[in-house]
Amino acid sequence: MTDPRRPIFIVGCPRSGTGILHQLVRLHPSVAWITPFSNWLCGKSWFHRVPPALAYAAESVLHRTPNALLPPLFRGPYDGSLGLPTTFETHEGHSVWHRALPDAPDHLATAEAATPEVRAYLHAVVDWHRRYHDRPRLVWKTPRNVFRLRFLHAVFPEAYVVHLVRDGRAVAASILKRRRHDRQSVNAWWGVRPPDWRTMLSDPPIAQAAWTWNRCLEQVQADASVFADDRVLEMKYESLTTTPEAELRRLFSFAGLAPDRFFTPDNRAQLREIHPPRPTWTSRLDEHQQSLLRDALGPAMHRYGYVDE
């Protein structure tokens, strides 16, 4: 029998679809997740003194309050990419991570950072959320955890890790779109911070995006082996969006969750709203940008089965 304390971590380069996968997995009736309110609460040293049932009631009130009346931290929806109906929105748990791993120049964390106090804190957060949702398992999506696999293994050696990979050209185009949406300056860094990210600050944004994709994949390849083979699952965004039922069955079976419990009429209706990706990067990126991506991403693209048409 699967130990209910084993969380499921979803990792991947930013803009690879980890948010969509997170939203789908948390629809499983055995899965709990972090919400905007629980993220804020569990970032406090006294969170364990708050009964989960009381916090759940408080978030129910917040959830019915118009966004304009809420502090930005509690505003939703965070599930907008799929438009899923939800009790509470999903959240990456940034406040929890900031407490466990105080701000550093980059997002790398190794086993040495897993002190007894940090391990106890993160286990308490997982157990608190299981009681919060009254569900035995927790799914936790944070792209920057591609640089923390050794740390995660030291804290949760029996955890499950799902690594989602997406076509690097589509990821790069999506990163540029997100940068424009966030109105960042040309030289502002966006997304995860690998250990040597500052060496790329003078490069154009498209080169930074390509480098980020490569670094994320390299880090997972280097560190995933700390987990047992049956604890790491690699998925592709293109397969998830083309055959979502088959891919989710594969994920649930891998993580010890009963697949058939997920496929209710409501959830099947949600899956019908998912469509295969279109190569919009071809129109978003000019010829120079596409040429740069071919040079920067070529080896990894072929290694992961993305053939340049």
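This is a predicted model: local features need pLDDT of at least 70, side-chain atom pairs count only at pLDDT 80 or more; totals for chains, interfaces and linings use all residues.
**Entry 1**

Residues are numbered from 1 along each chain as its sequence is written, and side-chain values use heavy atoms, with hydrogens and water left out.

S4 and S5 run parallel, and five bridges join them. Two strands pair if DSSP finds at least two bridges between them. Helices (H or I, at least four residues) and strands (E, at least two) are DSSP runs, numbered from the N terminus.

Next I asked which side chains of S5 point to one face and are buried. Buried means under 20% relative accessible area, exposed over 50%, and partly exposed in between (1.4 Å probe, protein chains only). In a regular strand the side chains alternate between the two faces of the sheet.

**Entry 1: salt bridges**

I took a salt bridge as a side-chain nitrogen of Lys or Arg within 4 Å of a carboxyl oxygen of Asp or Glu. The count by this rule is 13 salt bridges.

I looked up Glu92 and Lys141 and found their closest N and O atoms 2.5 Å apart. Glu92 sits in the loop between helix H3 (52-63) and helix H4 (94-100) and Lys141 in strand S3, so this pair ties together parts 49 residues apart in sequence. Glu92 counts as buried at 17% relative accessibility, and Lys141 counts as buried at 12%.

Arg231 bridges to Glu158, with 3.4 Å between the closest N and O atoms. Arg231 is in the loop between helix H8 (205-223) and strand S5 (232-236), and Glu158 in the loop between helix H6 (149-155) and strand S4 (160-165), so the pair ties together parts 73 residues apart in sequence. Arg231 is buried at 9% relative accessibility, whereas Glu158 is partly exposed at 39%.

For Asp260 and Arg249 I noted a salt bridge with the closest N and O atoms 2.9 Å apart. Asp260 lies in the loop between helix H10 (244-255) and helix H11 (265-271) and Arg249 in helix H10, so the parts they tie together are 11 residues apart in sequence. Asp260 is exposed at 58% relative accessible area, and Arg249 is partly exposed at 27%.

Which residues do shared partners join into one network? I found Arg6, Glu158, Asp230 and Arg231.

Most residues other than glycine have a negative phi.

Arg15 is in the loop between strand S1 (8-11) and helix H1 (18-25), and it is partly exposed at 32% relative accessibility. Asp134 is in the loop between helix H5 (116-133) and strand S3 (137-141), and at 70% relative accessibility Asp134 counts as exposed.
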